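Good morning, and thank you for joining this group meeting.

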Amino acid sequence: MKKNILIIIVFVFAFNSNAQSSFQIEPYQDTRVITTGVPFLLIAPDARAAAMGDMGVATSPDAFSQQWNPAKYVFSTAKSGVAVSYTPYLSKLVNDIFLGNVTYFNRLNDQSAFAASFKYFSLGDIEFVEDENSTPLLQSPNELTVDLSYSLRLSDQFGMAVAMRYLRSDLKLNFGDNDVTAGSTFGVDITGYYQSEEEAYNDFNGRWRGGFALQNLGPKFKYDEGGQENFQPTTLRLGGGFDFIFDQYNKLGATVEFAKLLVPTPPVRGKRTEYIESGDNEGYQSGEDEFVAEEPDYIIEGQDNNVDFMSGVFQSFGDAPGGGKEELQEFTYAVGLEYLYQDSFAFRAGYFNEHETKGARKFFALGAGFKYNVLNIDLSYLFSASKVQSPLESTLRFSLTFNLGEGEYTEY
């Protein structure tokens with residue numbers, strides 16, 4: 001038996017001395033920031049949400065709930081409402097890039113509501129001139145969505161909603177005979193919202209709030225026929241909050257929200273080259289390398305992110321090359337406060353944080369709101385707290401809301 005083992009060891013050693021494989025791996029300068037198509041869907045469209053750190057899944061109901069959590073509509077005290085918002089983008093550089101939004105909701109009865117919205121993102125006007133004798137060609141790339149939602153109250157404290165979205169992205173520029181067909185796709189949101197009854201504590205009354213939203217769940221799409229497929233910014237949002245009700249005039253709401261893109265993390269890629277070291281008996285000089293194969297797009301760490309959108313949702317929870325620590329880094333969080341006086345004046349503040357390796361978005365926000373009869377006016381302002389300057393830095397955003405039938409429904 002010992003003799004057989006010795007023969008095997010000698011054979012293996014002799015084989016390795018004649019032909020040994022060696023690998024050389026050269027990592028690319030690769031980033032693990034998750035990118036998606038139509039990123040404008042991640043911009044907070046309304047001033048109230050922006051002033052509280054880009055949150056809205058668990059805040060109290062308002063007309064812009066369609067953009068965050070339409071399940072909140074079945075807890076609205078107003079019968080219906082129309083809301084309009086305007087957000088300048090890259091305002092320090094240009095004055096014609098903006099995000100506009102129009103939303104309408106209607107609470108049908110105590111148990112249900114529906115809403116519709118239109119969101120438009122303009123990238124401004126681009127002028128092309130072939131030569132000094134030609135007429136300038138003016139083009140206006142843009143993206144838009146049309147949303148419809150239905151909300152249903154499942155109990156006194158909990159409701160859910162489903163929203164359908166049509167998305168159109170027209171970013172291609174028309175040059176001669178090139179294909180200028182706009183890319184389009186659809187998405188679905190599934191959301192839920194909880195709001196407790198008002199409870200009495202020692203020095204104040206209070207109310208708990210909670211919400212979740214699975215947003216932009218839909219197939220991958222292409223910007224053009226021959227281009228690569230892009231994920232939608234599928235996002236999971238979880239939030240909770242508490243309302244301190246000091247008296248009939250003064251209220252303070254505190255809310256925290258976590259969000260994560262349910263899109264695969266890009267793996268660490270590099271070039272993998274394999275060599276075989278051949279011996280004298282094969283006609284090569286000792287130590288000479290024989291090239292065997294080269295893989296230019298070799299995955300060093302992580303998983304292949306070329307998957308369909310549904311597989312990408314499940315894969316996104318465990319595919320980060322850095323393991324569980326990196327998965328946690330992919331969560332953003334926001335903390336917001338809202339003070340209300342007589343439900344007529346509001347002061348808001350918020351903070352948003354994203355890890356440095358995942359985009360480094362960090363900012364503080366302030367805002368105010370005023371209510372006069374059926375009209376609400378909301379304003380917000382952003383202060384960047386990151387080395388990476390926000391495109392919304394020093395941008396004043398505003399929203400207008402017309403609440404019709406205010407007080408028709410009593411929730412507390």
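A residue is called buried when its relative accessible area is under 20%, exposed when that value is over 50%, and partly exposed in between, with a 1.4 Å probe and protein chains only as cover. On that basis, 43% of the 412 residues of the chain count as buried. Please note that this is a predicted model, in which local features need pLDDT of at least 70 and side-chain atom pairs count only at pLDDT 80 or more, while totals for chains, interfaces and linings use all residues. Residues are numbered from 1 along each chain as its sequence is written, and side-chain values use heavy atoms, with hydrogens and water left out.

The chain holds four helices and 22 strands; these are DSSP runs, numbered from the N terminus, with helices (H or I) of at least four residues and strands (E) of at least two. Taking a contact as heavy atoms within 4.5 Å, residues 24 or more positions apart account for 61% of the contacts with a separation of 6 or more. The accessible surface, from the Shrake-Rupley method with a 1.4 Å probe, comes to about 21100 Å², and 59% of this belongs to carbon and sulfur atoms.

I turn to the charged pairs. Side chains of opposite charge can pair when their charged atoms come close. With a salt bridge defined as a side-chain nitrogen of Lys or Arg within 4 Å of a carboxyl oxygen of Asp or Glu, a search of the whole structure finds 19. One of them joins Asp-189 and Arg-165, at 2.7 Å from N to O. Asp-189 belongs to strand E9 (residues 183-195) and Arg-165 to strand E8 (residues 158-170), so this pair ties together parts that are 24 residues apart in sequence. Both partners, Asp-189 and Arg-165, are buried.

A second salt bridge links Arg-207 and Asp-243, at 3.2 Å from N to O. Here strand E11 (residues 205-217) supplies Arg-207 and strand E14 (residues 235-245) supplies Asp-243, so the parts tied together are 36 residues apart in sequence. Arg-207 is buried at a relative accessible area of 5%, and Asp-243 is buried at 13%.

A further salt bridge is formed by Lys-260 and Glu-327, at 3.7 Å from N to O. Lys-260 lies in strand E15 (residues 250-261) and Glu-327 in helix H4, so the pair ties together parts that are 67 residues apart in sequence. Relative accessibility is 2% for Lys-260, which counts as buried, and 8% for Glu-327, also buried. Elsewhere, salt bridges that share partners join Arg-48, Asp-62, Glu-338, Arg-348 and Asp-378 into one network.

A polar atom of the Asp-319 side chain lies 2.9 Å from the backbone nitrogen of Thr-265. Not counting residues up to four places away in sequence, Asp-319 touches Pro-264, Thr-265, Gly-302, Gln-303 and Glu-327.

Finally, the backbone. Most residues other than glycine have a negative phi. Val-38, not a glycine, has a positive phi of about 40 degrees. Val-38 is found in the loop between strand E1 (19-27) and helix H2 (47-51), and is buried at 0% relative accessibility.

How values were computed: Polar contact = N/O pair within 3.5 Å; in protein donor to acceptor, adjacent residues only side chain to side chain.
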